[in-house]
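Let us walk through a protein fold step by step. Keep the model in view as you read.

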Amino acid sequence: MAELYAFTDGACSGNPGPGGWGVLLQARQGEAVLKERTLCGGEASTTNNRMELLAAINALEVLERASSITVVTDSAYVKNGVTQWIHGWKRNGWKTSAKKPVKNAELWQRLDAAQARHAVKWQWVKGHAGHPENERADELARAGMAPFK
């Protein structure tokens with residue numbers, strides 16, 4: 001049975017500044033890639049964290065039916081946020097433990113809704129460390145940013 005992976009990345013030129021997000025979706029059987037799809041987009045004025053979140057959101061929202069998927073990100077912010085911090089934020093009415101509003105709350109809420117439809121495993125990889133699929137996601141993020149530079 002094929003396994004589904006989404007390799008996601010965000011990029012920003014200046015923080016804030018023009019930014020982009022990229023997604024490499026792959027259906028794999030072992031090491032063999034059976035099918036592949038790429039996505040990218042961007043914004044004129046944004047932050048790196050927003051682009052990292054939008055990459056993960058778009059990876060999950062594009063799936064037409066409930067799926068089992070591994071999302072691979074180089075963003076500790078996204079991985080820790082969605083697997084750990086989000087539970088407390090939801091309990092606290094989207095406030096941090098310091099009672100301040102959660103930054104990017106609307107994107108966290110969108111990611112929470114997107115992942116609720118799927119069985120998602122979250123995996124972190126070190127960015128810019130030669131991981132081929134992460135490097136491709138980075139290229140897609142830069143392509144998404146290009147029209148806004």
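Predicted model: local features only at pLDDT ≥ 70, side-chain atom pairs only at ≥ 80, totals over all residues.

Residues are numbered from 1 along each chain as its sequence is written, and side-chain values use heavy atoms, leaving out hydrogens and water.

Start with the sheet. Strands of a sheet pair through backbone hydrogen bonds, either parallel or antiparallel. Here, five strands form an open sheet in the order E3-E2-E1-E4-E5, with mixed pairing. Strands (E, at least two residues) and helices (H or I, at least four) are DSSP runs, numbered from the N terminus. Two strands pair if DSSP finds at least two bridges between them. E3 and strand E5 (119-124) are the edge strands, each pairing on one side only. From one strand to the next, the twist averages 20 degrees.

Now look at two of the pairs. E2 and E3 run antiparallel, joined by twelve bridges. Gln29 stands opposite Ala32 in E3. The hairpin of E2 and E3 has two residues between the strands, and Gly30 takes a positive phi near 65 degrees there. E4 and E5 pair in the parallel sense, over six bridges. Val72 has Gln123 in E5 as its bridge partner.

Next come the helices. H2 packs on the sheet and touches E4 and E5. The direction of H2 makes about 140 degrees with that of E5. Contact means heavy atoms within 4.5 Å. Axes are lines fitted to C-alpha atoms, for helices over the stretch in contact, and angles run from 0 to 180 degrees between N-to-C directions.

How do H2 and H3 pack, and at what angle? Helix H2 (residues 76-91) and helix H3 (residues 105-116) pack at about 95 degrees, with their axes 11 Å apart. H2 and H3 are therefore roughly perpendicular to each other (65 to 115 degrees counts as such). Residues of H2 in this contact include Tyr77, Val82 and Trp89. On the H3 side, Trp108, Leu111, Asp112 and Gln115 meet them.

Two loops deserve a look. Pro16 sits in the loop between E1 and E2. The peptide bond from Asn15 to Pro16 is cis, with omega near 15 degrees. Trp94 lies in the loop between H2 and H3. Although Trp94 is not a glycine, it has a positive phi of about 60 degrees.

Finally, find the largest pocket. A pocket is an open set of points on a 1 Å grid over the protein atoms alone, where a 1.4 Å probe fits, with protein on both sides within 12 Å along at least five of seven lines; lining residues have an atom within 4 Å of a point. Its volume, the space filled by probe spheres set on the points (joined across faces, edges and corners), is about 640 Å³. Of the 20 lining residues, Leu4, Ala27, Leu63, Arg65 and Ser67 are the closest to the centre. Strands E1 (3-12), E2 (17-29), E3 (32-46) and E4 (68-73) each supply at least two residues of the lining.

Terms used
Parallel < 35°, antiparallel > 145°, perpendicular 65-115°, else oblique.
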